[in-house]
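Please keep the sequence and the structure in view while reading.

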Amino acid sequence: MYEAGIPCLWMRGGTSKGAYFLAADLPSDPKERNALLLRVMGSPDPRQIDGIGGADPLTSKVAVLSPSQRDDVDVDYLFLQVFVDQPLVSDAQGCGNILAGVGPAAIERGLVAVAGDVTEVSIHMVNTGETAIARVETPNGRVRYSGTTAIAGVPGTHAAVPLLFRNTTGSMCGALLPTGNAIDILDGVEATLIDNGMPCVIMRASDFGLAGDETREVLEADGALRERIEAIRLKAGPMMNLGDVTTASVPKMTLVSAPSAGGAISTRSFIPHRVHASVGVLAAITVATATRLEGGAAMSLAHIPTDGRYRIEHPTGEMEVFLEVDDDGMITGAGTIRTARKLLDGRVFAGC
């Protein structure tokens, strides 16, 4: 059935890359779909040599798009994480970076009509039930990818894609603090278990004997550290209403330290077994939220901005996110600015 190839947009969204498909072009059965995507990406193989994956979790991602089943939303977006060296495809989380390419891809594929110089695309994030609005530059009736906006972790400048999120609180865990506590003790470590768009376990880097400015390579080479963090993750999963997370890509394990480059806080994120080269969009929003929790793991380390714009430092720079806060101190919305670029439009072949 798929010998002639599958229509595919290969795009960079934020600091990730992925394959964007229409749901109608993939098998409707999830098991068949996932088996196909493993072949497309070349997994399981550390090099993904027989597929289009980039041998890194950040470049082995898939977006599945379809006309929304909801009257108030344009597009349904299902995110799938294709593991690199395991035969696993996970829908247990969303991805805010790949989300940056959803608006442009929806327009490219005719799911949303151009509406002037800027086209708003409302997106239902199927994984978590959240909604987002992407503002896509569309002068002269087509998506514009060139521009003057730079984001950390991506060379050069591109057109800005502002993203505004709603209803992120407790997106997967059912509550901002699924245990009801600002701090829980796991294996002797103080941790904030929190979900404002992405389930995260926030811990101080210093509690692991780290300065917090270690490189991705140094952290990944520390086998004892990775084992300790994974043990905490497996205990945190049920506490966060996520169940057994042995084969899941959540929660994200985030080590925080005081900022060193003028930001709000510094992060090193495990996603969950590799160290993120930057930080996920929704994880950054969750970390920013954690800095506001009295008695939480992050507040004492953070520099809280007065304008609501939080610069979250990470291994390759920083990500700016903003929080909308009402008069009672409740977070009512969040957002960020990302960029995206179309890299290839064609057909991908899954082999046999």
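## Cavities and pocket

The structure holds two cavities of 30 Å³ or more. This is a predicted model, in which local features need pLDDT of at least 70 and side-chain atom pairs count only at pLDDT 80 or more, while totals for chains, interfaces and linings use all residues. Residues are numbered from 1 along each chain as its sequence is written, and side-chain values use heavy atoms, with hydrogens and water left out.

Rolling a probe the size of a water molecule over the atoms shows where empty space is left. On a 1 Å grid over the protein atoms alone, a cavity is a set of points where a 1.4 Å probe fits but cannot get out, and a pocket is an open set with protein on both sides within 12 Å along at least five of seven lines; lining residues have an atom within 4 Å of a point. Grid points are joined across faces, edges and corners, and a volume is the space filled by probe spheres set on the points.

The largest cavity has a volume of about 170 Å³. It is lined by 20 residues, and those closest to its centre are Lys61, Gln93, Lys252, His276 and Gly280. Helices (H or I, at least four residues) and strands (E, at least two) are DSSP runs, numbered from the N terminus. At least two lining residues come from each of α2 (96–99), β12 (252–257) and α6; α6 gives the most, with three residues. In the classes used here, Ala, Val, Leu, Ile, Met, Phe, Trp, Tyr, Cys and Pro count as nonpolar, Asp, Glu, Lys and Arg as charged, and the others, Gly among them, as polar. The lining of the largest cavity has nine nonpolar, nine polar and two charged residues.

The second largest cavity holds about 50 Å³ of space. Among the residues that line it are Pro104, Val136, Glu137, Arg144 and Ala340. Strands β7 and β8 (160–166) each supply at least two residues of this lining. By class, the lining of the second largest cavity divides into eight nonpolar, no polar and two charged residues.

The largest pocket contains about 280 Å³ of space. Of its 15 lining residues, Pro57, Val84, Asp85, His273 and Arg274 are the closest to its centre. The lining of the largest pocket has eight nonpolar, four polar and three charged residues.

## Nonpolar cores

In soluble globular proteins, nonpolar side chains tend to be buried together. A nonpolar core is a set of buried Ala, Val, Leu, Ile, Met, Phe, Trp, Tyr and Cys residues joined through side-chain atoms within 4.5 Å. Buried means under 20% relative accessible area, exposed over 50%, and partly exposed in between (1.4 Å probe, protein chains only).

The largest nonpolar core has 80 residues, and those with the most contacts inside it are Tyr77, Leu99, Phe165, Ile202, Met203 and Phe208. Helix α6 (residues 281–290) provides the largest share of this core, eight residues. Another core, of 19 residues, lies apart from it and includes Cys8, Trp10, Phe21 and Val64.

## Salt bridges

A salt bridge is a side-chain nitrogen of Lys or Arg within 4 Å of a carboxyl oxygen of Asp or Glu. The structure holds 16 salt bridges. Three of them are listed below.

| Glu120 | Arg135 | 2.8 Å |

Glu320 is partly exposed because its relative accessible area is 34%, and Arg309 counts as partly exposed at 35% relative accessibility. Elsewhere, salt bridges that share partners join Asp56, Arg216, Glu220 and Arg274 into one network.

Is Glu137 buried or partly exposed? Glu137 is partly exposed, because its relative accessible area is 21%.
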